[in-house]
Amino acid sequence: MFIARRLLLGRPLLRSCFHTTSSAWATRKVIHKFKLADIGEGITECEVIKWSVGPKSTVQSFDPLCEVQSDKASVEITSPFDGVIKELLVNEGQVAKVGEGLCLIEVEEEAGASDSGAVASTEATDAAPAQSEMTITSPSEQQQVKHEPQEQAPVQPKRLHPLDPNYVPQATPSVSGRTTTDVLAAPSVRHFAKKNGVDLALVAPGSGKGGRIEKKDVEAYMARGTAGAAAQQESAQQVLSPTEDVVVELGRTRYGMWKAMTKSLEIPHFGYSTSLDLTAIHNLLPILNAGIPQHYLPASSTALTSRPPLVDPSAFHPAPQPQIIPDPARFTKLTYLPILLKTLSKAMNQWPIFRSSITPGSASSGGKPTMTLRPHSDISLALSTPTGLYTPTLTSVDTHSVYGLASRIAHLAYLGRQVPCGLTPKDMPKRGGTISVSNIGAVGKGEGAMPVLVEGGGVAIVAIGRAKWVWDVEYDGSAGRVYAMGGKGEGRGRGEERLKVNVSWAADHRVVEGAEMAAFVENWREWVEVPERFIAEGI
C-alpha cells in the first residue's frame, strides 16, 4: 500500500485531457440523386422541356430546376435541397420515367445527419468528417484551446413554396399593360431577362412553340434596342401568315388526346339524346343568386354589400367560421351548370352502375374485368385550355352544395386558363369520374353533339347544349305564356314558352344497357324539372 502511494506521489504532475470537436461543427458534402417523383396518378413518364440550371449551378430549396410536361399538364420541378448541381442526368427533350434520377445535387450536411437519401458516399466528395484530436497540456501552460466562433450567415427570409397558400408571385408591371407572368417563358429565360433588365412583356410573342420566349429572343431584343420593337411585330405577323405549308408537330397534350381517342374506338357506344326543361331552374336562379354566402363573393362585392348585423350572432358563443375561398374561386352569379351537376349526382346515387368504374381483369380473376362501385358521385368536366383538353374531376359531388360546386368550377376554369396549365394532379386523379360532362353550350350555339367515351373515362359521357326558349305545345301547365293553335275547343292545341336544353349521351355498351341509359336520364329529368325536391333532400 505504501509503495503504491509512493509511486502515485512520484508521478510527474501533468494533466491530460481529450479535446474533441463537436459533431455539430463538422460537416460533409453528400451527393443526392434527385428523382422524378410521382406528380400525378396515372403519370408514368414526363418530357423534360427546359432546364433552369446547369452543372456547378448553386440552388436553394424551392428554386426551379426544370420544367416537365406530361400527358395532362406542365409542371415546374423545384429543388428540395440547398446545394450545387453536379450533373444533369436527363437532357432537354428526353423522356424521364417516374422514379428515375433527374440530376445530382451536392448537399452540405452535418456529420451526424442521416444519409439515407444519398446515392454517393463521402468518398466521392472533397470534404471528410472532422476527426477527434487529443492534446496534453501542462499546468504551466497558460494557453487554452478555444474554438473560434464561426461567422453566421445573415438570416434569409423564409421562402414559401409556390404551392403554399400564402405564396404570392411577384408580377412586374409593364408599360404595355401586361405583366411578366402573362408571357410564356422558361424560368431560366426569365432569370436571364431580369438580370439584363428586359421586360418580357415587350418581347412576347417569342419564336418558340406557342409563342414561348427563348433566350435568343431576349438577346435579339437587347441587340436591336427598343427602337426595333415595331420591326419585330412586323416580322411576327409575317411568321403568322406563311405562304408555304408548315409542318407542326403534335404537342404532348394533343398527342395524348390522339392516343386516347384512337383507343376509344375499341369501346362500343350507345347513344341517347333528349331535352330537359330548365324553366323551373331558371325561375329559381334569382333567389339562389340573392342568397350567395358572403365567403363565396369577391372581396369587392362583399365590401359593398356587407353590413354589420343588428344583433351579433356570436354574442353567446363564437359562430363557426366559413372556409377560406381563394379569389379565383369566388363568383357573383350562379349558372345552370352547377345545378345540373348537383341534380345529376342525385340520379347517380339512385343508379349504382353510373357510380361504377371498370377494372380490367387480372390473372387472379382469370382475365375477367370487374366493376368498382364508389360510395359517392365523381364527375369529370371536359375543359378546353390554351395548352389542350383536360378533364379535371369533381369528387363527391353529392356531398357539396350548389354554391360549393360553382366555386370549384370557377377555380378549375381559372387554372385551365393559365399558361402553362395550372391544373395539378390533385385536380385530375388517375381514376377520374364515372361520368364525364362536356358543356358545349358555353362555346357556341350548338344544341347537340356526339360525345366520345375514352378508355378510363367512366361508363358514360354527356354533352350539354345551349339552352333555348321554345314553344312546347305539349305542356299543359297553367303558368307562363299560353299559345293557342287554332280551333275554338278549350284546351285544344295549348302550349307554353319553356326553356329547353338538349343533352346527348354516350354510354359504354359493354356494361350499360340501352334501357338502363334511358331510365337513368329520365330519373335525372325528374330532379332537373322539379328542383323543389331539394327542399326535402337538403342542398
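Trainee: Does arginine 525 count as buried or exposed?

Mentor: The model is a predicted one, and that applies to everything below. Arginine 525 has a relative accessibility of 16%. The cut-off for buried is under 20%, so arginine 525 counts as buried.

The side chain of arginine 525 meets that of glutamate 529 in a salt bridge, with 3.3 Å from N to O. Both residues belong to helix H11, which covers residues 514-529. They are 4 residues apart, which is about one turn of the helix. Glutamate 529 has a relative accessible area of 29% and is therefore partly exposed.

The side chains of glutamate 526 and arginine 533 meet at 3.6 Å, N to O. Glutamate 526 is partly exposed, at 44%, and arginine 533 also counts as partly exposed, at 29%.

The largest nonpolar core has 55 residues. Those with the most contacts inside this core include Met517, Phe520 and Trp524, along with Leu344, Phe354, Val437 and Trp505. Methionine 517 shows which parts of the chain come together here. Leaving aside neighbours within four places in sequence, methionine 517 is in contact with Phe270, Tyr272, Phe354, Trp505, Ala507 and Val512. Apart from this core lies another, of 19 residues, with Cys46, Trp51, Val68 and Val90 among them. As a general point, nonpolar side chains in soluble globular proteins tend to be buried together.

Trp505 and Ala507, both contacts of methionine 517, point to strand S23, which spans residues 494-508. Strand S23 is mostly covered, with 12 of its 15 residues buried. It has several partners. Strand S12, residues 269-277, pairs with S23 in the antiparallel sense over 9 bridges, and histidine 269 has aspartate 508 as its bridge partner in S23. Strand S20, residues 460-464, is joined to S23 by 5 bridges, again antiparallel. There, alanine 460 stands opposite alanine 507. Strand S21, residues 468-472, is also antiparallel to S23, over 5 bridges, with lysine 468 opposite lysine 500. In a regular strand the side chains alternate between the two faces of the sheet. Salt bridges also occur in this region: Asp277, Glu496 and Arg498 are linked in a network of them.

The protein has 14 salt bridges by the rule used. One of them joins the side chains of glutamate 214 and lysine 50, at 3.4 Å from N to O. This pair links distant parts of the chain, 164 residues apart: glutamate 214 sits in the loop between H3 and H4, and lysine 50 in strand S3. Glutamate 214 is buried, with a relative accessible area of 19%, and lysine 50 is buried as well, at 18%. Not counting residues up to four places away in sequence, glutamate 214 touches Lys50, Val189, Ser207 and Gly208.

Leu250, Tyr255 and Trp258 form a nonpolar patch on the surface, with about 350 Å² of accessible area together. Tyrosine 255 is in helix H6, residues 252-264, and counts as partly exposed at 41% relative accessibility. In the loop between strands S3 and S4 lies lysine 56, which is exposed, at 75%. Its phi is near 70°, a positive value in a residue other than glycine. Most residues other than glycine have a negative phi.

Finally, the whole protein. Among contacts with a separation of 6 or more, 69% are between residues 24 or more positions apart. The protein exposes about 33600 Å², of which carbon and sulfur atoms supply 55%.

Technical notes
Residues numbered from 1 in each chain as written. Predicted model: local features only at pLDDT ≥ 70, side-chain atom pairs only at ≥ 80, totals over all residues. Heavy atoms only, no water. Patch = residues over 30% accessible without salt bridge, like charges linked within 9 Å, V, L, I, M, F, W, Y side chains within 5 Å. Areas by Shrake-Rupley, 256 points an atom, 1.4 Å probe, with all protein chains shown as cover. Salt bridge = Lys/Arg side-chain N within 4 Å of Asp/Glu carboxyl O. Helix = DSSP H or I, 4+ residues; strand = E, 2+ residues; numbered from the N terminus. Buried < 20%, exposed > 50% of the residue type's maximum accessible area, 1.4 Å probe, protein only. Contact = heavy atoms within 4.5 Å. Pairing = 2+ DSSP bridges. Core = buried A, V, L, I, M, F, W, Y, C linked by side-chain atoms within 4.5 Å.
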